[in-house]
Amino acid sequence: MTRAAIGLGGNLGDAAATLRQAIEALGALPGTRLLHVSRLYRTPAWGLTAQPDFINAVAVVETTLAPLALLEHLLAIERRFGRVRVDGERWGPRTLDLDLLLHGEAQLDVPGLQLPHPRLHERAFALVPLVEAWPDAAIPGIGGAQACLDAMAGEGIEALP
């Protein structure tokens, strides 16, 4: 079993409800056990800022699935919740975004998947819930997730009740 971290986000419709249902779907994946889930956080849009705030969370799982197989399951869950990916479109509004942030110590760069997730160490909206769900997470090639978070501001990120 390999420990993996999955970032969840969305800002269309009832994003909080969608994330909660997606977390249930993650727990039902074959060869996968849900270990920890962060609280839900409201975070300012990043990249393309003229859109609604996002709801973000991180789920930590143990899985027998290889990184690409896990990614295929994540994309299928996104589609089930109405996500349509448009080639070349980044940072836009979405019903659900599932990002494979970490998969054990894997460092991959293949079409469609980079591990650890690129710029994870620079994004407080991903690090805040990651550190909550997996306090001693390490980002391969970078270092401890907590140290990365300590080096940045987390303004505008608030836990939902």
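1. The axes of α1 and α2 approach within 11 Å and cross at roughly 145°; axes are lines fitted to C-alpha atoms, for helices over the stretch in contact, and angles run from 0 to 180 degrees between N-to-C directions. The contact is formed by Ala-22, Ala-25 and Leu-26 of α1 with Leu-74, Ile-77 and Arg-80 of α2, where contact means heavy atoms within 4.5 Å. By class, the residues of this contact comprise five nonpolar, no polar and one charged. Here Ala, Val, Leu, Ile, Met, Phe, Trp, Tyr, Cys and Pro count as nonpolar, Asp, Glu, Lys and Arg as charged, and the others, Gly among them, as polar.

2. On provenance, this is a predicted model, in which local features need pLDDT of at least 70 and side-chain atom pairs count only at pLDDT 80 or more, while totals for chains, interfaces and linings use all residues. Residues are numbered from 1 along each chain as its sequence is written, and side-chain values use heavy atoms, with hydrogens and water left out. Helices (H or I, at least four residues) and strands (E, at least two) are DSSP runs, numbered from the N terminus.

3. Helix α1 covers residues 15-27, 13 residues in total, and spans 18 Å from its first C-alpha to its last, close to the 18 Å expected at 1.5 Å a residue; the expected span is 1.5 Å times one less than the number of residues. Its buried residues are Ala-15, Ala-16, Thr-18, Leu-19, Ala-22, Ile-23, Ala-25 and Leu-26. Buried denotes under 20% relative accessible area, exposed over 50%, and partly exposed in between (1.4 Å probe, protein chains only). The elements covering these buried residues include β1 (2-10), β2 (32-37), β4 (54-63) and α2 (67-80).

4. Strand β4 is largely enclosed by the rest of the structure, because 10 of its 10 residues are buried. Phe-54, Asn-56, Val-58, Val-60 and Glu-62 point one way from β4, whereas Ile-55, Ala-57, Ala-59, Val-61 and Thr-63 point the other way. In a regular strand the side chains alternate between the two faces of the sheet.

5. Which strands pair with β4? Two strands pair if DSSP finds at least two bridges between them. β1 pairs with β4 in the antiparallel sense over nine bridges, with Gly-7 opposite Val-58. β2 and β4 are also antiparallel, over five bridges, and Val-37 stands opposite Ala-59. Strand β3 (residues 41-43) is joined to β4 by three bridges and runs antiparallel to it; Tyr-41 stands opposite Asn-56.

6. Leu-115 and Pro-116 are joined by a cis peptide bond, with omega about -10°; Pro-116 lies in the loop between β7 (113-115) and α3 (124-133). Arg-119, in the loop between β7 and α3, has a positive phi of about 65° although it is not a glycine. Most residues other than glycine have a negative phi, and most peptide bonds are trans. Arg-119 is partly exposed, with a relative accessible area of 28%.

7. Met-152 is located in the loop between α4 (145-150) and β10 (158-159). Because its relative accessibility is 23%, Met-152 counts as partly exposed. Leaving aside neighbours within four places in sequence, Met-152 contacts His-121, Glu-122, Arg-123, Ala-124 and Leu-127. The C-alpha atoms of Met-152 and His-36, 116 residues apart along the chain, are 24 Å apart.
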